Every structure is written in C-alpha cells, then in structure tokens.
2 protein chains.
Amino acid sequence: MSRAGEFCETDKGGVYRAIAERRDVRSGFLPEPLSEPVLLRLLEAAHHAPSVGFMQPWRFLVIRSRPVRMRVHEIFIETNRAATKTYAGAQAAQYASLKLEGILEAPQNLCILCDPENERGHGLGRQSMPETAIYSAVCAVQNLWLAARAEGVGVGWVSILDPDALKQMLGVPSNMVVVAYLCLGYVDSFDVKPELERLGWEQRIPLENVLRLDHFDQPYFPEETTK
Amino acid sequence: MSRAGEFCETDKGGVYRAIAERRDVRSGFLPEPLSEPVLLRLLEAAHHAPSVGFMQPWRFLVIRSRPVRMRVHEIFIETNRAATKTYAGAQAAQYASLKLEGILEAPQNLCILCDPENERGHGLGRQSMPETAIYSAVCAVQNLWLAARAEGVGVGWVSILDPDALKQMLGVPSNMVVVAYLCLGYVDSFDVKPELERLGWEQRIPLENVLRLDHFDQPYFPEETTK
C-alpha cells in the first residue's frame, strides 16, 4: 500500500525550526500591540489543537486592558512572595534575581481556560482518563506557542499565580480550570538557549536519559547507563 | 528598539501546515517500522518542549515489542468495554462502530510519562500550580505530534486505557504519571478533516464562540453572540 507523503524539506524545516527556537520569554517585550490578524492566526492555531472526543474544551480570554493586567500582576507579586520563601542561601538570591513574568510589558496577555466536563464530545475517551480534557487545552497552548515563534511573537507562561484569585478576578465560572496564563508580544530578541539553562539554574538532560524501551526498567540504548 | 524577526514565509507556512494537517490517526497504519533516525528526531522534538523551571519531567517509553503491545491492547479492550456501557441507542451503535486505537497495527507505540515531583528545576513555577509539571509533558506530546505530521508519520492518542493497569504492566514507578499513550507509524493517508467531525460525532466550534476579552463575561467580538 502506498504511504502518505512527508512534508517537503522546506515545510519540514519550518516545523523543526519553530520547535528548536521557541523560548519562554519573560523580558524584552516591545510596547507595540499585536495586530488583530496576527493575534487571530495564533488563536486559530490554538483552536486547531487535538482534543479528546473532539470536545474542544478550551476558552481563550485575551487581556488587553492595562488595569486588568495590573491586577493580575498584583496576584503574581503576592504568589511570588510565598514562592520566594521556599528558597534559601545562594539559591534564594538567584531566584530573586530572575525575571519571571512580563504581565505588564506584554501588551496582551492570554488566559487559557478549560471546561473539563463539557458535554461536547459526548465523553468519548474521557471515562478512564478524564484529565485528557485539560490536556487538550495544554496542546492548544503549545500550538499557539509554536505559531507565535514563527510570527516573531514572544510567549511567556506564568505559573506563579494563585489560580483561584485569578478566576475570581476574571469572572471565570467555578467549573472552569485555569490551564495557562500567557504573556504575548513582539520582542527585541529570542534567546539562543532557554534562559534558565543560560543562567545555570538547570541543565538540559541528554535525551537518552529519558528514554526507555518496552519496559520502564529497560534503557533504550543498552550500552548507556540511564539515570 | 528593533524587533526580533518573524520566520520567512516558507518556514512559517510549514508550521501552520503542520498545525492544520495534524490528525489523530486510528487506522491505516502501515507495517513498516519507523527508521531509527526518524524516531529519534520525533523524540528530540518532544524533548525540546517547554517545561516549568526547565525541569524536563517527561520520560519516553518506546514500545516496539508485539507481546507488550498485545497486553496493552487487552487493557484497551477491557477499559473500552466499560466505556461502551455509558452510551445508549443510536449513540451506542455509533460508538461501537468507531475505530479508537491502532495499538497493534502501529509498529511502535510510545508511552509518555511524567515524574511530577522531580527535584530538577528546583520547584520553580510549581508552588502555586504544581500541575504544570504534567502540562510540560503534554507540550512534549504536541511537539512530537506536529513533527510527526511533517515526517508523514501518523500519531493516535489512546486515552481509553486504565492508567494503573498500564503502569503495572510496564513497570512504571508509582510516583510517575501516565500522561499519554500514543500509536506511531507510517499511514496510507491523512484525513482532510478530523475523523470525529467527518463522521458527525461532533462539530468544530466557531473560534469566536471560545473567545473572551478582558473578563469572562465579555465577548471578544461585541457584535457576536457567544455561546
């Protein structure tokens, strides 16, 4: 039987380039807002994520209002105050020196929500792993992130936020889940390496150390010692 | 300040093409296994996903063994028996007619796991939203899925599996989470539309119906009625 074709080298190269050059951006956002067509292309990319049972449980809350972003930033400050206390010594100093969000600098933020028990999709695929509804919304984040990189738009994911405070402030119904809070905007540059790698906070793990074959105890490359 | 560039039109086109043409594939897998270089490119793509605190909590368990896949298939049969009972009437008949997995046809399966409390990343970003560790592994799934589409490789996500039975069978430590079970292989074709859309199980929601602006109660396009 004939095999469905792969992409041509140029199209394939674009995909791998976006994957390799995508960065979590926390600084260097420029004040110019995204044009409406660019923002809608990014949201369409997110909307074309896979979803369990084709339920499309994501909701996209675009935040352009500066007063709203200022209130989100206050939630960040409060949440980060608690997080900072979990570090000590040199690590505490390094943590305090990190720029961890661009809520006010990025002219638009995006809160990606999930309605995990929505009847769309008729429950298909959700009986044994109901968490796949939320995972569908995470796939939407990653689609948007890669499309944004191709558009020259920086994206930073801020997880140092109290999700309950955020929901209350944004009027999100109680049955919905805050999956991701993103800062989006044009940037002055993209780092060659992830910032946390460049600053020595954490190193990249060699791929072979996270691979297994047929059973969790079996390394993928028998000659390697996996960690 | 100068703005970081977007991709050229050809590279950008590759990214949007992968997002638009990616499909959840359950049938049409061909028996020829993926070559090692192709499989490793897909795994490298997954390994370059974003991760909270750069913790890289994913573990990739490649399953090529047919006996192992047969046991996974038995878990699917058992789990799907329970799922089938939740439908009645015409919907039950339609559900029973759907092909929901390619565990045995796809010459390689991939179980994506997460070690959500690993000390890598030193907890950065995980105090208030610890679920972002698992979300990082989901981003790895989506990176792999898009790269696979570019390579002409079909991917099907099987969520109709009892994760505890799967963990026990594959020897996965209790502290790890089964995030996704994927079937990977060359295919005879890619559907133009999602199969569940084509078969009428569910429809695509118009983008504007999932958009909000600045507050959950505020539609993005004021003239539209959102649902």
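These are legends for close-up views of a predicted model with chains A and B.

**View 1. Chain A as a whole.** Start with the overall layout of this predicted chain. The C-alpha atoms of chain A fill a box of roughly 60 × 50 × 40 Å along the principal axes. Seven helices and six strands make up its list of elements. Reading from the N terminus, they come as α-α-β-α-α-β-α-β-α-β-α-β-β. Of the 227 residues in chain A, 48% count as buried. If you look at contacts in chain A with a separation of 6 or more, 82% of them are between residues 24 or more positions apart.

**View 2. The two domains of chain A.** Chain A splits into domain 1, residues 10-191, and domain 2, residues 193-227. Their C-alpha centres sit 26 Å apart. Where the two meet, domain 1 of chain A puts in four residues and domain 2 of chain A puts in five. What sort of residues does domain 1 of chain A use on the side that touches domain 2 of chain A? That side has three charged residues, one polar residue and no nonpolar ones.

**View 3. Helix 3 of chain A, end to end.** Helix 3 of chain A covers residues 66-84, 19 residues in total. At 1.5 Å a residue it should span 27 Å, and its end C-alpha atoms are 26 Å apart, so the two figures agree.

**View 4. The buried side of helix 3.** Which residues of helix 3 of chain A are buried? They are Arg69(A), Val72(A), Ile75(A), Phe76(A), Thr79(A) and Asn80(A). These residues cover an arc of only 130° around the axis, so they end up on the same side of helix 3 of chain A. As for partners, the buried residues of helix 3 pack against strand 1 (58-63), strand 2 (108-114) and helix 6 (163-170) of chain A.

**View 5. The other face of helix 3.** Turn to the face of helix 3 of chain A that points away from its buried side, and you find exposed residues: Pro67(A), Met70(A), Ile77(A), Arg81(A) and Ala82(A).

Terms used:
Residues numbered from 1 in each chain as written. Chains lettered and ligands numbered in written order. Predicted model: local features only at pLDDT ≥ 70, side-chain atom pairs only at ≥ 80, totals over all residues. Domains from an automatic or database assignment. Contact = placed C-beta atoms within 7 Å. Nonpolar A, V, L, I, M, F, W, Y, C, P; charged D, E, K, R; others polar. Helix = DSSP H or I, 4+ residues; strand = E, 2+ residues; numbered from the N terminus. Buried ≥ 20, exposed ≤ 12 C-beta atoms within 10 Å, placed from the backbone. Least-squares fit on C-alpha atoms with pLDDT ≥ 70 in both. Expected span 1.5 Å × (residues − 1). Arc of directions from axis to C-beta.
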